[in-house]
Amino acid sequence: MFYEDKDSTTLNAGMKEELFARGKERNLLGSAWVVAVANLRKFDFFPARQIALSYVRDEEKKVGVPILVDMDGTLGAPPWGLPMKTSNILLLDAQGALVYRHSGKMKPEEQVAFFSALSQLVGVDLNTPAAPKAPEAAP
């Protein structure tokens with residue numbers, strides 16, 4: 001699960017791209033669910049609400065992942081208590097138990113820990129970075 005406010009979506013953009021690349025390279029995109037949640041608490045007023053929702057729908061189309069919306073900061077309250085003004089990354093097992101949690105920009109060693117935990121969940125070693133993309137041939 002990714003839970004981010006609008007100012008934090010780029011904090012872990014590289015990690016999200018690497019996650020997709022590793023999943024695609026290993027044919028695992030159907031092995032786990034990505035749950036993206038946009039923290040729109042500070043936009044829960046007229047007319048900002050509709051503008052923010054429209055922006056989220058446009059982002060959904062770009063990334064190809066449904067984005068849920070948290071208008072009142074529910075995930076910032078107990079039991080989750082996620083920080084509201086940063087990028088939050090969580091891994092849950094099939095029963096919904098928390099396996100991994102990180103808030104803020106991930107350092108390389110934190111990315112290793114994330115991919116190790118995810119490897120355990122999907123049963124495939126994901127610690128090796130995805131192979132670089134080959135340049136596309138000119139037409």
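**Arg over a ring.** I started with Arg22, which lies over the face of Phe115, 3.8 Å from the ring centre. I count a charge as over a ring if NZ of Lys or CZ of Arg is within 6 Å of the ring centre and within 35 degrees of the ring normal. Phe115 itself is buried, with a relative accessible area of 1%. For burial I use under 20% relative accessible area as buried, over 50% as exposed and partly exposed in between, with a 1.4 Å probe and protein chains only.

**Ground rules.** This is a predicted model, so I note that local features need pLDDT of at least 70 and side-chain atom pairs count only at pLDDT 80 or more, while totals for chains, interfaces and linings use all residues. Residues are numbered from 1 along each chain as its sequence is written, and side-chain values use heavy atoms, with hydrogens and water left out.

**Ring pairs.** How many aromatic pairs does the structure hold? I found 2. Rings of Phe, Tyr and Trp (its six-membered ring) pair if their centres lie within 6.5 Å; planes under 30 degrees apart are stacked, over 60 edge-to-face, and the rest tilted. Tyr100 and Phe114 are edge-to-face, at 5.7 Å centre to centre and 70 degrees between the planes. Tyr100 sits in strand β5 and Phe114 in helix α3, so this pair ties together parts 14 residues apart in sequence. Phe114 and Phe115 have ring centres 5.2 Å apart and planes at 80 degrees, so they are edge-to-face. Tyr100 and Phe114 are both buried.

**Helix α3.** Helices (H or I, at least four residues) and strands (E, at least two) are DSSP runs, numbered from the N terminus. Helix α3 covers residues 108-122 and reaches 21 Å from its first C-alpha to its last, close to the 21 Å expected at 1.5 Å a residue; the expected span is 1.5 Å times one less than the number of residues. Its buried residues include Ala117, Leu118 and Ser119. Just after α3, Gly123 has a positive phi of about 75 degrees.

Most residues other than glycine have a negative phi, and most peptide bonds are trans. Asn27 has a positive phi near 55 degrees; I found it in the loop between α1 and β2. At 71% relative accessibility, Asn27 counts as exposed. Phe46 and Pro47 are joined by a cis peptide bond, omega about 0 degrees, and Pro47 lies in the loop between β2 and α2. The bond from Pro78 to Pro79 is also cis, with omega near 10 degrees; Pro79 lies in the loop between β3 and β4.
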